[in-house]
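Hi,

Here is the structure I promised to pass on. Have a look at it first, and my notes follow below.

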Protein chains: 2
Amino acid sequence: MENIISVFWLVPVASLIALGMALYFYFQMKKEDEGTPRMREIAQHVRKGAMAYLKQQYKIVAVVFIVLAVVFAVMAYGFQMQNPWVPFAFLTGGLFSGLAGFFGMKTATYASARTANAARKSLDGGLRIAFRSGAVMGLTVVGLGLLDIALWYIILNAAGVNSLITITTTMLTFGMGASTQALFARVGGGIYTKAADVGADIVGKVEADIPEDDPRNPATIADNVGDNVGDVAGMGADLYESYCGSILSTAALGATAFAFNPVMQIKSVIAPMVIAAVGIFLSLFGIFLVRTKEGATMKQLLRSLGVGTNISAALIAVASFAILYLLGIDNWVGVSFSVVTGLLAGVIIGQATEYYTSHSYKPTQKISEASKTGAATVIIKGVGTGMISTMVPVVTISVAILLSYLCANGFQFEVTAENLSRGLYGIGIAAVGMLSTLGITLATDAYGPIADNAGGNAEMSELGEDVRKRTDALDALGNTTAATGKGFAIGSAALTALALLASYIEEIKEAVARLAEAGSQHMQEVLAKIQDIPSFMDYFQVNLMNPKVIVGVFVGAMAAFLFSGITMGAVGRAAEDMVQEVRRQFREIKGILEGKGTPDYKRCVEISTRSAQREMIFPSLLAIIIPIIVGVVLGVAGVLGLLVGGLAAGFTLAIFMSNAGGAWDNAKKMVEEGHFGGKGSECHKATVVGDTVGDPFKDTSGPSLNILIKLMSMVSIVMAGLTVAFV
Amino acid sequence: MENIISVFWLVPVASLIALGMALYFYFQMKKEDEGTPRMREIAQHVRKGAMAYLKQQYKIVAVVFIVLAVVFAVMAYGFQMQNPWVPFAFLTGGLFSGLAGFFGMKTATYASARTANAARKSLDGGLRIAFRSGAVMGLTVVGLGLLDIALWYIILNAAGVNSLITITTTMLTFGMGASTQALFARVGGGIYTKAADVGADIVGKVEADIPEDDPRNPATIADNVGDNVGDVAGMGADLYESYCGSILSTAALGATAFAFNPVMQIKSVIAPMVIAAVGIFLSLFGIFLVRTKEGATMKQLLRSLGVGTNISAALIAVASFAILYLLGIDNWVGVSFSVVTGLLAGVIIGQATEYYTSHSYKPTQKISEASKTGAATVIIKGVGTGMISTMVPVVTISVAILLSYLCANGFQFEVTAENLSRGLYGIGIAAVGMLSTLGITLATDAYGPIADNAGGNAEMSELGEDVRKRTDALDALGNTTAATGKGFAIGSAALTALALLASYIEEIKEAVARLAEAGSQHMQEVLAKIQDIPSFMDYFQVNLMNPKVIVGVFVGAMAAFLFSGITMGAVGRAAEDMVQEVRRQFREIKGILEGKGTPDYKRCVEISTRSAQREMIFPSLLAIIIPIIVGVVLGVAGVLGLLVGGLAAGFTLAIFMSNAGGAWDNAKKMVEEGHFGGKGSECHKATVVGDTVGDPFKDTSGPSLNILIKLMSMVSIVMAGLTVAFV
């Protein structure tokens, strides 16, 4: 027991080291030269716009958080529907998730001009700065995540909460805070960035025939601000939520699965945290492996990035065996194989993503080729490819679910209480394994937008074609390595959502227990009938012929489509406003297209900001309200139907949208590289239409779906008390 | 008992009357004048092309049917995995479904020139011919459907099959024949028509700036052939399958629900057939109500059509009370209210479809307006609108499921054996109610493509602007009234699929019983444990925490996307071939665009035919193979997960695709009516891109999904014996 508790201290230590290293990389980056006065000026414009937007967004989100916290407080203190820690845990989750986005974005906005400046000299110089700045984001996310987890674990233990089940389910509510923050960040940021991007592309590229990020385009600054608030801050909050969600849900599963044995229970609660802590060290190791030699070729750089992420992933697989053995986890070999299953699934999904979205492969090449017959066939092909691309990830995740489940429970398929709990723990820990090296995988992901912004800065500062070419190459480099990271993120989201289903069941039991303790005769009887998962399923009739379950599945599938439809519509509306504004400026400001008049960048920034803030509220609230309504109307059976339906349809829809969007983007790049007539040709215009349609697919609706799925689970968990009141 | 048996004779009588009236309308139509020699010639071209294609398609489908029938024969006679009637029932289902499509198409190809000719004189003359020809299709479908049902019921009774459960589950296998035929017809026809349509639009409308159906366009004939093989023959086979599926699954549910009481059992088996028979009389009554006065206005015609369908629907609601009362069905009031619930749901879904796809309402107007900022925003808006439009139908069908379930079982929510069986019977009979007046609703639906083809004939025969305007008006008229029919078709598909879930459970029980009877000790034990639905669910652990179920749901959702992706891709490929061919002809045939050279229509017809035949096989086989694989690998729990996941995601995806496609179509029509610059403007080109993308959405992938869902259920049912062998 003593040993285990001392191992736990690895967790806060690793988190502080991560934060320390993030700070170190940050200051290292700040020491670099920001370039010419023009470069500084543009960087400052972008930084100011981004920070101003984020402040506005946080203000609105703060209102939502205060309202929800009050609701939780009333539920906890007024009606004993929740335990007293919930409102506070919820608030810290939101706060830390927001901070992760904020720090990541701050770094990115300082790094872009510096990256562009370094790229004036060499490719590898640009890579070094951009990658290290991406690492700041990666390390901040994992550092803050583990810190929040460690703090709450310490606080709840110190406060004398005895039951590990109560501790872990309470901690899950800070996951809800993180999810809520993440959804707002993804949706708001996603609308912001795509309104600007779509608007800038339509008028600039298609109508006025000027290049991307051209300073004559009034929407350029807004577009670059958008990359930061959407792709950086949004992604930071998103992955913070995924990271914490996987660890917390696995800990909660461990607490239930091994409730019969206190020592094993505490071990299994700590195990995911320790794996994550070791993952931080391995990420750091991987980050330092990414070395860039003076004058390195693209291929060498790509290898260097790949080596860093792959070695970290391979090492965590090996380390899991050691950690689980040393902790003395029951069936440690099997559970370790669950981790390996998860990692392999992430790699396969990543490879499949790359196959379907990179123009090195047939599917995207065919989309590009379809431009010969116009924009319509580009769209038709892209939609078709995106839908077909769902097969490999779904089959992979299905096999991973079955294998990680079976490995962890010793290949027992029969759904008994013990087999289920152990198997579910395996599914959870597979997700933890996938995300444990987030420190480095996020670095390869976050440096993409930094390189992209560096390109924007170079273009606007008129640094010349060769600098732009280098930043484009950096961006393309990132897309390739980021595929694996995205595979891990998507795969872990599905596994975590599954683990959260089990947490929901546990939370319902806790809620029933609270009411039973408070003296309800009925609840005492219910409690006796729902002691383990199979009897729980039986009591609440959560089987597939119960019409409540079926209706829940229907509503879950619909929720995913409805949510995507609303966010697509929001981008459409906002982009139209932007197009009208840019057209107005081209018409009214004299000499703007000759580079003599100054565009009114600020108006465009304002339009994006206003649209994003107005449009993000409704879809985000929907994600919170739907599970509450389903819970009250259809009860526990309906909610589980909702969550499973939402998970399956949402996961598939998210992959379709992300991959279709990615493929359109690269189909356009392929034409821009000189195929099918190259830039300015009819084929180029057709692929630009595809890319523009793909923008909200891949950067607004698609990625938001992953959060939607988990937020609906989190809301169900936190609102379990309300559902039970209607049982 | 005697009474009941005599009531049954209503069924074959009604079916023969329907077929007789279809023949009468057919000969009435044939008596009309086919117009000028040019009109006759074009009509003959289209007719020949359509018949030639259909023959080709039937050849391929025949091979599939023979192979499957042999498989079933081996399973039935070699391994006792099925009863001996299955291969024959399967074949007749396919045959009759094919016949329904064939007769419908034959009529349509004779009617189009006659409609155009009548439209030369007046609008109402055109309507009369087109609508009565549509009625031929409607009556043929319901007549053949009820005939097949009545024949098998008589044969199986005469052959001394005693158990009504065996009789009804055997009859379900002819549903599988119908589904298989329908899927090939929808997919093949859908690819054919959209390849031609998309190809013709891209080169004709967008590139060469010539109007739709212009005789200078080499793809016009293929386009008009496509309307017949896709929209007419495909729709006929599709609705034949829906119609029979709803009646057969409800009969099967009745046989199980009231197994404890032989009299009640036979009553509940016959009830859906009798409702359908009475529906035929009411449809005929409605068809005769559609009277057209000489020189009637559009509004009067629309009212006339609406009166016919609405009165039929209202009367069947009233008639259901009478039928169920006279038959003496247990809780006849409740079951009748289930029918009313179904009908109301159909009306609401129809209204919602109209709201989201007609340019009389905001959503489509906004899509049209988005053309001011180009094709990309048209697509983004359309996708957004289509996704949002899933909400009302899903909520409506969810409420209908719960209400028709509760009405039929006396508002018992607890999932006991009896409550479930009775409730499910209510869900089934709600679907039967929705489709019982298919005779007239299909008439309003099928006359659309006839009017469309009449327009094509008018254009190619150069009959002048006013004739084309009248046929366009007829087409638009049909779209409005058809919305209700489509609501009924979509809604009933969801309810029928649910009813089929219960049939699957029954079939598994039958298969276990067969093996138990053959002496398997294990199966005897199993059989004892799965006597009613709740204990069945318990034994096979079909609850939402069983990973097999969850994986099944995932695969089901993915199957819907994969299938749509493949059909979208097929249309894309085929359309590209068509575009290349039309461009080649424009380039190589001299004077073609001046109307001097003759286009090579035949080559285009060949391209569509070849593409459709090549591309339809893989997706169709997929629908058959997926449930078999899932059954073998994941067993009963996995299959039920697959079917529920496929149903929920497929239903939602189908609505999204159909509505987005419909909205794009009408957004384009709105511009063509003179808004936002009218024909030939940039806005027009942008909406044509939307319409082109929407073509495969609404006419290939979307409608095929409804069949996919049911075919997967049918395959699972027929293959139950195979799944059980692995239990």
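Which residues does A:Tyr240 touch, leaving aside those up to four places away in sequence? This is a predicted model, and in it A:Tyr240 touches Phe96, Ser97, Ala100, Val141, Leu144, Gly145, Ala178 and Ala182 of chain A. A:Tyr240 is also among the residues with the most contacts inside the largest nonpolar core, together with A:Ile149, A:Val274, B:Ile149, B:Tyr240 and B:Val274. That core has 566 residues.

Now for chain A as a whole. You will find 22 helices in chain A and zero strands. Of its 727 residues, 71% count as buried. Looking at contacts in chain A between residues at least 6 apart in sequence, 84% join residues at least 24 apart.

On overall dimensions, the C-alpha atoms of chain A fill a box of roughly 80 × 50 × 45 Å along the principal axes. The radius of gyration of chain A is 25 Å, which agrees with a compact globule, because 727 residues in such a globule would give a value near 27 Å.

Then there is the meeting of the two chains. Chain A puts 72 residues in contact with 72 residues of chain B. Helix α19 of chain A, residues 547-588, gives the most to the side that touches chain B, with 21 residues. By type, the residues on that side of chain A divide into 50 nonpolar, 19 polar and three charged.

Best wishes

Terms used: Residues numbered from 1 in each chain as written. Chains lettered and ligands numbered in written order. Predicted model: local features only at pLDDT ≥ 70, side-chain atom pairs only at ≥ 80, totals over all residues. Core = buried A, V, L, I, M, F, W, Y, C linked by C-beta atoms within 7 Å. Buried ≥ 20, exposed ≤ 12 C-beta atoms within 10 Å, placed from the backbone. Contact = placed C-beta atoms within 7 Å. Helix = DSSP H or I, 4+ residues; strand = E, 2+ residues; numbered from the N terminus. Nonpolar A, V, L, I, M, F, W, Y, C, P; charged D, E, K, R; others polar. Rg over C-alpha atoms; globule rule 2.2 N^0.38 Å.
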